[in-house]
Amino acid sequence: MISFADEIKQGIPSELPALKAWDPSINHAPKRKEILSPAEKQLAIANALRYFPKEQHAVLAAEFAKELHTYGRIYMYRFMPEHPIFARAITEYPGKSEQAKAIMLMIQNNLDHRVAQHPHELITYGGNGAVFQNWIQYRLVMQYLSEMTDEQTLVMYSGHPMGLFPSHPNAPRVVVTNGMMIPNYSKPDDWEKFNALGVTQYGQMTAGSYMYIGPQGIVHGTTITVLNAVRRLAKTRDDIKGKLFLTAGLGGMSGAQPKAGNIAGVISVTAEVNPKAAHTRHEQGWVDEIISDLDELVTRVKKAQASKEVVSIAYLGNVVDVWEKFDQTGVHVDLGSDQTSLHNPWAGGYYPAGLSFDEANDMMANEPEKFKTYVQESLRRHAAAVNKHTARGTYFFDYGNAFLLESSRAGGEVMAENHIDFKYPSYIQDILGPMCFDFGFGPFRWVCASGKPEDLEKTDAIACKVLETMMAKSPAEIQQQMADNIQWIKGAQENKLVVGSQARILYADAEGRMRIAAAFNEAIANGEIGPVILGRDHHDVSGTDSPYRETSNIYDGSRFTADMAIQNVIGDSFRGATWVSIHNGGGVGWGEVINGGFGMLLDGSEQAQRNLTSMLHWDVNNGIARRNWARNENAIFAIKRAMEAEPLLKVTLPHLVEDQLLDGLFD
Ligand SMILES: NC(=O)c1ccc[n+]([C@@H]2O[C@H](COP(=O)([O-])OP(=O)(O)OC[C@H]3O[C@@H](n4cnc5c(N)ncnc54)[C@H](O)[C@@H]3O)[C@@H](O)[C@H]2O)c1
């Protein structure tokens, strides 16, 4: 059998490998809807055959046509590698560039069967968040990375490696773009078509940028969100007990909700229609109990409320039924949200009430127009049921999955009286925006490239020490955030959050990120730990322009612009990032958001120290500067503080206008 290193170096095999058997034990992507005309289908096959020599075309043309017909996409299953895919220690990757090896490690983590949602279709999370479009792209990219030097940059066009281009050692080793389109051709159906043609892909946020670290990534953000949402309702830890949180989704990201509910100290009910997803989360210990009968659920929840338990319950079924049942049976919901994949409503992201899971899968592939009407009807019912609860005091927030957007488009009653805003806030408007992003706190993360759990433990301790030192001198405005983050990092080992690579997420501000990274680099130089890969979620202070999510608390009209995300990735790329990425679509859907991110290898060198200081400072302060210009009070405070700390930073500050000056100006 071919060794791991040899198979990586081989790239596209000269002989056709044997056909692979379909593995029913794997969670596969649903069939994508038929969208191509016969001529476009021919183009899709010709596009796919570009990777292969002519003598293989006849066999592969028939095979790819069958894949296109059966799955709606050409995944090139035959070319799945022999080696198991998971993040190995960096020393195990063949190659000439340590930075390229770090990227291989991260790519493999994104496709690890324990981590990825549909690993055989190269989907990491969110139903359609792709690392590559097909297995040949995986093979080619790994080969390029194994042969490139630090004098080259690999250029990635939506999963397709355009090739290696000469650059220089401090340039990014890889530059990724995903789903970038001419704006007028960036609607969901365009995406389906161009993706089926094999010329673009939906990279989500951290899928196509190789920075996904499993559900841990979102557990922290979800914990902060749920915790602060509960704090709006209850002042003390004792008041929190017995509060009920109702939501949906136990998938890639949404699976974090029950764990966050437990950490926040509430009762949570998370509905999930896909039995495989629910059982996976249960087996992984992310949710305590599974119930599939609605009456049993009501009894169980009432008992938990009476005894003020901290428990997470998965309901195997549709969330709309739960909202309606709780209304009919008088179960009081304190906190409500939703994390079905409504960024992808017509192709498996949202399962409508009234259809079984299998019926829905069948209809979305074979009768897509009818399926759409079912989804819209379900969203109207969903919104109506939520409205009944909120009328009785439930605090409902949109959790960044486009629930309010799609419900409004479906005619659900979710608009505010001004017919412009939604009647419920997004979690960014009420919670993460003002409390975290405006101060620069965001989802900083790192991966220990040695693959050793003891390295992760050491980095946790280093990060905790840095935060404790900083907290002693932090202003009152950010004491709560610092305390929450210290509590998180102290409990991180105990909460057993690692799935896949030895990774950690920690919300930190610009100063915190720079100081933690510098302390890691020093520990690497001293030989205490192996190399560390830094990164972050795109869902952050500066990386993402998304008017209904990350930038929904920008009120100067600029939330529909995307200068910040574009500036961010350009700025990161010349300040020392090891790789950068910029995506059209992610989280809330194609055409709805522009988001970017980076990865950076720390190897203990002085160059790494210079890079981390320069790049992390920009990577956070860019967004704070923009939020400050939008007149966000906490961002004005934060950017003034940043300017005091760094004399080379000089940001334009806004003058605030008295409201009464504007009153009546245009009456
Ligand atoms: N708030 C955030 O920070 C944040 C971060 C990342 C992603 N998101 C968004 O959250 C959404 C979920 O992401 P994910 O990665 O978990 O997606 P996912 O597709 O892996 O999971 C969604 C789950 O919801 C289930 N589901 C769909 N309709 C349902 C219904 N009516 N009732 C019960 N269950 C239903 C699906 O079976 C699926 O398992 C996406 O839209 C994503 O973009 C939000």
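Start with Arg-381 and Asp-321, which form a salt bridge whose closest N and O atoms are 3.5 Å apart. The pair links distant parts of the chain: Arg-381 sits in helix H14 (residues 368–391) and Asp-321 in helix H12 (residues 319–328), 60 residues apart. Note that this is a predicted model. Side chains of opposite charge can pair when their charged atoms come close. Colour the two by accessibility: Arg-381 is partly exposed, with a relative accessible area of 29%, and Asp-321 is partly exposed too, at 25%.

Next, select Glu-289 and Arg-300. Their salt bridge has its closest N and O atoms 2.9 Å apart. Glu-289 belongs to strand E8 (residues 289–291) and Arg-300 to helix H11 (residues 294–306), 11 residues apart. Is Arg-300 buried or exposed? Arg-300 has a relative accessible area of 14%, so it counts as buried, the cut-off being under 20%. Glu-289, at 24%, counts as partly exposed.

Move on to Glu-511 and Arg-641, another salt bridge, with the closest N and O atoms 3.7 Å apart. Glu-511 lies in helix H19 (residues 510–525) and Arg-641 in helix H22, so the pair ties together parts that are 130 residues apart in sequence. Both are partly exposed: Glu-511 has a relative accessible area of 29%, and Arg-641 has 30%. Then select Arg-513, Arg-536, Asp-540 and Asp-619, which salt bridges with shared partners join into one network. How many salt bridges does the structure hold? The count is 33.

Now select the ligand and the residues around it. There are 33 of these residues, and the closest are Ser-254, Glu-272, His-343, Tyr-399 and Gly-587. The shell divides into 11 nonpolar, 20 polar and two charged residues.

- Ser-254 has a backbone N or O atom 2.7 Å from an oxygen atom of the ligand.
- His-343 places a polar side-chain atom 2.7 Å from an oxygen atom of the ligand.
- Tyr-427 has a polar side-chain atom 3.2 Å from a nitrogen atom of the ligand.

Taken alone, the ligand exposes 860 Å², and the protein buries 97% of that.

Select Val-657, Leu-661, Leu-662, Leu-665 and Phe-666, which make a nonpolar patch of about 590 Å². Val-657 is in the loop between helix H22 (633–645) and helix H23 (659–662). With 44% relative accessibility, Val-657 counts as partly exposed.

Technical notes: Residues are numbered from 1 along each chain as its sequence is written. This is a predicted model: local features need pLDDT of at least 70, side-chain atom pairs count only at pLDDT 80 or more; totals for chains, interfaces and linings use all residues. Side-chain values use heavy atoms; hydrogens and water are left out. A residue is near a molecule or strand if one of its heavy atoms lies within 4 Å of it. A polar contact is a pair of N or O atoms within 3.5 Å; within protein, one must be able to donate a hydrogen and the other to accept it, and residues adjacent in sequence count only if both atoms are side-chain atoms. Accessible areas come from the Shrake-Rupley method with a 1.4 Å probe; for residues, only the protein chains shown count as cover. Ala, Val, Leu, Ile, Met, Phe, Trp, Tyr, Cys and Pro count as nonpolar, Asp, Glu, Lys and Arg as charged, and the others, Gly among them, as polar. Patches are made of residues with over 30% relative accessible area and no salt bridge: like charges are joined within 9 Å, nonpolar side chains (Val, Leu, Ile, Met, Phe, Trp, Tyr) within 5 Å. A salt bridge is a side-chain nitrogen of Lys or Arg within 4 Å of a carboxyl oxygen of Asp or Glu. Helices (H or I, at least four residues) and strands (E, at least two) are DSSP runs, numbered from the N terminus. Buried means under 20% relative accessible area, exposed over 50%, partly exposed in between (1.4 Å probe, protein chains only).
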